[in-house]
Amino acid sequence: MESRVLSSGATTISGLPRLTKPPGRITTLAVSSPARLNTNGGNLVWGRQLRPSLLNLEYSSLVPSVTKPAKRDALKPCPATASDSAGDAAPVGFFAKNPWLVTGFFFFMWYFLNVIFNILNKKIYNYFPYPYFVSLIHLAVGVVYCLGSWTVGLPKRAPIDSNLLKLLIPVSFCHALGHVTSNVSFAAVAVSFTHTIKALEPFFNAAASQFVLGQSIPITLWLSLAPVVIGVSMASLTELSFNWLGFISAMISNISFTYRSIYSKKAMTDMDSTNLYAYISIIALLFCIPPAVILEGPQLLKHGFSDAIAKVGMTKFVTDLLWVGMFYHLYNQLATNTLERVAPLTHAVGNVLKRVFVIGFSIIVFGNKISTQTAIGTSIAIAGVAMYSLIKAKIEEEKRNPKAA
């Protein structure tokens, strides 16, 4: 292959030594311009940087001339790169050609684990109504899983400093409070009703963005939230399992997760989502220990554990707690991994469909009787959430791509 070496043996540049022709036979190369040497000593061959050893020229800024002759095979062809030949590229795998299959699998596992978690969680509360302790178990099993993953290097643990720790503490506190109050609601009322109330979470997010963060919320977003409020109100008025403990706990959960989102924006970091969620789970676990011990500890020691073991047996009781904790951690981790693979619009649709799946399956599995008004109200609330999510996703996409918008 014919190459033009951009160097000259008769020109001195910026005090650099002259490259003279060494003794012995050597092929003379035509030059079209004075030499220009890179800062790291390499020469340019048709825009490609070569190491001096490839030319078999030894030179130094301290020696005025080249002292060793070049060998006859001085110029050697450069190894082929991916850019040189497309034929040398590695073969593309089946899943690389069909990424939608991988994304679809992530969605399926996210929904599946979420539904299984909600069903098993409610079954546990039917014979072991201690939501503070069960919430503690959820996080504890997840933390053990994270520590085991770090031990084997899947993934490798990311370091954390004091500054990031300070930023994650409020995020973790809100995560712990929202998680515990959600479980208090799950234990007190039907799963479908808790998820209907939690459909109000976008309303609290919009309110916090407008009045806490000072962001301007478009009127279209506020209008899309009206069906959510109306639907939840309709469902609550005729919900057969309604009680104030379940309702208020679900509302506190909405507020807690809203502030978790606010603090998360302040704690933006380059750490990967898996490590970040692991650290949040560890800190949240520490927040959950005191209320579980103080509020439910005496009852658990007195008759809580013994009653549960008498109803289902020691083996089932322990395995139920371990599995529900594993499902909780995995569905949250898969939710994060899934949403990283898709656009905001798909993210919004996925969240709405997830809630529909959970409400529908919980009604079927537990045979919850719901009134016609509750069914209509729940449907209106879900439709409102879908409308809000789609509008918000489009607004975010327009902000990211102003030219395309």
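1. At what angle do α4 and α5 pack, and how far apart are their axes? In this predicted model, the two helices pack at an angle of about 130 degrees, with their axes 9 Å apart. That angle makes α4 oblique to α5, and the crossing of the pair is right-handed. On the α4 side the contact is made by Pro-131, Tyr-132, Ser-135, His-138 and Leu-139, while α5 brings His-175, His-179, Val-180, Asn-183, Val-184 and Ala-187. Sorted by class, the residues of this contact are six nonpolar, five polar and no charged.

2. The peptide bond that joins Leu-154 and Pro-155 is cis, with omega at about 0 degrees.

3. For orientation, the protein chain as a whole has 13 helices and two strands. Of its 405 residues, 39% count as buried. Among the contacts in the chain with a separation of 6 or more, 82% are accounted for by residues 24 or more positions apart.

4. Helix α4 also meets α3: the axes of α3 and α4 come within 11 Å and cross at roughly 140 degrees. That makes α3 oblique to α4, and the crossing of these two helices is right-handed. From α3, the residues Phe-117, Asn-121, Ile-124 and Tyr-125 meet Pro-131, Val-134, Ser-135 and His-138 in α4. The contact of α3 with α4 divides into five nonpolar residues, three polar and no charged. Pro-131, Ser-135 and His-138 of α4, which are named here as partners of α3, are also listed in the contact of α4 with α5.

5. The largest nonpolar core has 42 residues, and those with the most contacts inside it are Ile-124, Phe-128, Phe-133 and Leu-321. The elements that give two or more residues to this core are α3 (99-127), α4 (131-152), α5 (162-188), α10 (273-312) and α11 (314-339), with the largest share, 11 residues, coming from α3. As general background, nonpolar side chains tend to be buried together in soluble globular proteins.

6. Not counting residues up to four places away in sequence, Leu-321 touches Ile-124, Phe-133, Val-134, Ile-137 and Val-141. A second, separate core of 22 residues includes Ala-206, Val-232, Ile-359 and Tyr-388.

7. Another helix pair to examine is α7 (residues 201-211) with α8 (residues 219-238), which pack at an angle of about 140 degrees with their axes 10 Å apart. The two helices are therefore oblique to each other, and their crossing is left-handed. Pro-202, Phe-203, Ala-206, Ala-207, Gln-210 and Phe-211 of α7 make the contact with Trp-222, Leu-225 and Val-229 of α8. By class, the residues of this contact are eight nonpolar, one polar and no charged.

8. Is Ser-253 buried or exposed? This serine, found in helix α9 (residues 244-266), is buried, with a relative accessible area of 0%, and the cut-off for buried is under 20%. Leaving aside neighbours within four places in sequence, Ser-253 is in contact with Gly-178, Thr-181, Ser-182 and Lys-198.

Methods:
Residues numbered from 1 in each chain as written. Predicted model: local features only at pLDDT ≥ 70, side-chain atom pairs only at ≥ 80, totals over all residues. Heavy atoms only, no water. Core = buried A, V, L, I, M, F, W, Y, C linked by side-chain atoms within 4.5 Å. Buried < 20%, exposed > 50% of the residue type's maximum accessible area, 1.4 Å probe, protein only. Helix = DSSP H or I, 4+ residues; strand = E, 2+ residues; numbered from the N terminus. Contact = heavy atoms within 4.5 Å. Axes fitted to C-alpha atoms, helices over the stretch in contact; angles between N-to-C directions. Parallel < 35°, antiparallel > 145°, perpendicular 65-115°, else oblique. Left-handed = near helix turned anticlockwise from the far one by under 90°. Nonpolar A, V, L, I, M, F, W, Y, C, P; charged D, E, K, R; others polar.
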